[in-house]
Amino acid sequence: MKGYFTEEGSVEAVNARMGKQVDPRLAEVMACLIKHIHAFAKETKLTQEEWELGIDFLTRTGRICSDERQEFILLSDTLGFSMLVDAINNRRPPGATENTVFGPFHVKGAPVRQMGENISLDGKGESCLYEGRVIDLDGNSIEGAKVDVWSDNAEGYYDVQQPEIQPKWNNRGIFVTGSDGTYRFIGVKPVSYPIPDDGPVGQMLASLGRHPYRPAHMHYLVTADGYQKLVTHTFVGDDAYLDSDTVFGVKKTLVAPFQRVAQGPTQWRSLFNFVLAPTEHPE
Ligand code: BEZ
Ligand code: FE
């Protein structure tokens, strides 16, 4: 009878309940989700025990979440879902710097620093001069661009992971470009580190035979009026985890040169230009 649930007609049975006044986008997304999640159960012939395991996993994922920890985003990151959503929503014209995963360690309100300042407040690790230009697609300098940077310290931890150990705002700062569009600061050469793996996501990675590591990277959030927000990293080119980043964040164009400096204020130098796409650029 119409409306009753059957294995074959499961999707139609559920989606037929959608109200007439439901927001059209919500109706579209939910109907598609039902279609795919039912197909998943059918294709895998999901057992009752597996369903219970999945519910238990999601329950534990929710329970470990707090203001400081977002295990669901970590789950999305490690399943490649965050990078997929980012890719769909940030298709850029050729030549523009690509986006990558934002991650959980950005902190709003970092200090605005003088151009050339050192952001490594604990003085640990190998120092690196980071410099380049913020430019548009035609190579013109962008004045007034905010370059918000953050990285782990030489031991692989962000300041917010070690509030008792690291100085506040260690390895963070905002640099605002002048009329020549250049940015320049000193930081540490970042190191690879494991994402927080002491929860359900870490257990999932271990049971899938996956390591929890991210290759060494510097985070950037670059914003300027009239241009698309750029959320990106630069990656250290010789890192052992470049081709197995646990959150799939590596893109070829984001692997940056890190050169040893024989003489100078830092041991390393990394040159990278950020090319911003205009907000109104069509896909
Ligand atoms: C990060 O690079 O900070 C990060 C990104 C995704 C998950 C965990 C950490
Ligand atoms: Fe990171």
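Guide: Let's start with Arg25 and Glu28, which sit three residues apart in helix α2, so about one helical turn separates them. (Helices are DSSP runs of H or I with at least four residues, strands are runs of E with at least two, and both are numbered from the N terminus.) These two side chains form a salt bridge, with their closest N and O atoms 3.3 Å apart. That name is used when a side-chain nitrogen of Lys or Arg is within 4 Å of a carboxyl oxygen of Asp or Glu. The general idea is simple: side chains of opposite charge can pair when their charged atoms come close. Arg25 counts as exposed because its relative accessible area is 54%. (Exposed means over 50%, buried means under 20%, and partly exposed is in between, using a 1.4 Å probe and protein chains only.)

Before we move on, some housekeeping. This is a predicted model, where local features need pLDDT of at least 70 and side-chain atom pairs count only at pLDDT 80 or more, while totals for chains, interfaces and linings use all residues. Residues are numbered from 1 along each chain as its sequence is written, chains are lettered from A and ligands numbered from 1 in the order in which they are written, and side-chain values use heavy atoms, leaving out hydrogens and water.

Back to the charges: how many salt bridges does the structure hold? There are 10. Take Glu126 and Arg260, whose closest N and O atoms come to 2.9 Å. Glu126 is in the loop between α5 (81–89) and β1 (127–135), and Arg260 is in strand β10 (residues 259–260), so this pair ties together parts 134 residues apart in sequence. Glu126 is partly exposed at 30% relative accessible area, while Arg260 counts as exposed at 54%.

Now, is the pair of Asp245 and Arg214 buried or exposed? Both residues are buried. Their closest N and O atoms are 2.7 Å apart in a salt bridge.

Ile37, Phe40, Leu46, Trp51 and Ile55 make a nonpolar surface patch of about 470 Å². (A patch takes residues with over 30% relative accessible area and no salt bridge; like charges are joined within 9 Å, and nonpolar side chains, meaning Val, Leu, Ile, Met, Phe, Trp and Tyr, within 5 Å.) Both α2 (24–44) and α3 (48–63) give at least two residues each to it. Ile55, for one, belongs to helix α3 and is partly exposed, at 40%. In the loop between these two helices you'll find Lys45. Its phi is near 50 degrees, a positive value in a residue other than glycine, and Lys45 counts as exposed at 67%.

One last stop: the iron ion (ligand 2). Its protein donors are Tyr158 (OH), Tyr193 (OH), His217 (NE2) and His219 (NE2), at 1.9 to 2.2 Å from it. (Donors are N, O and S atoms within 2.8 Å of the metal, or 3.2 Å for Na, K and Ca; water is not among the atoms, so sites may look incomplete.) Along the chain, the donors follow the spacing Y-x34-Y-x23-H-x1-H. Tyr193 is in strand β5 (residues 193–194) and His217 in strand β7 (residues 217–223), so that pair ties together parts 24 residues apart in sequence. Both are tucked away: Tyr193 counts as buried at 3%, and His217 counts as buried at 0%.

Note on methods
Areas by Shrake-Rupley, 256 points an atom, 1.4 Å probe, with all protein chains shown as cover.
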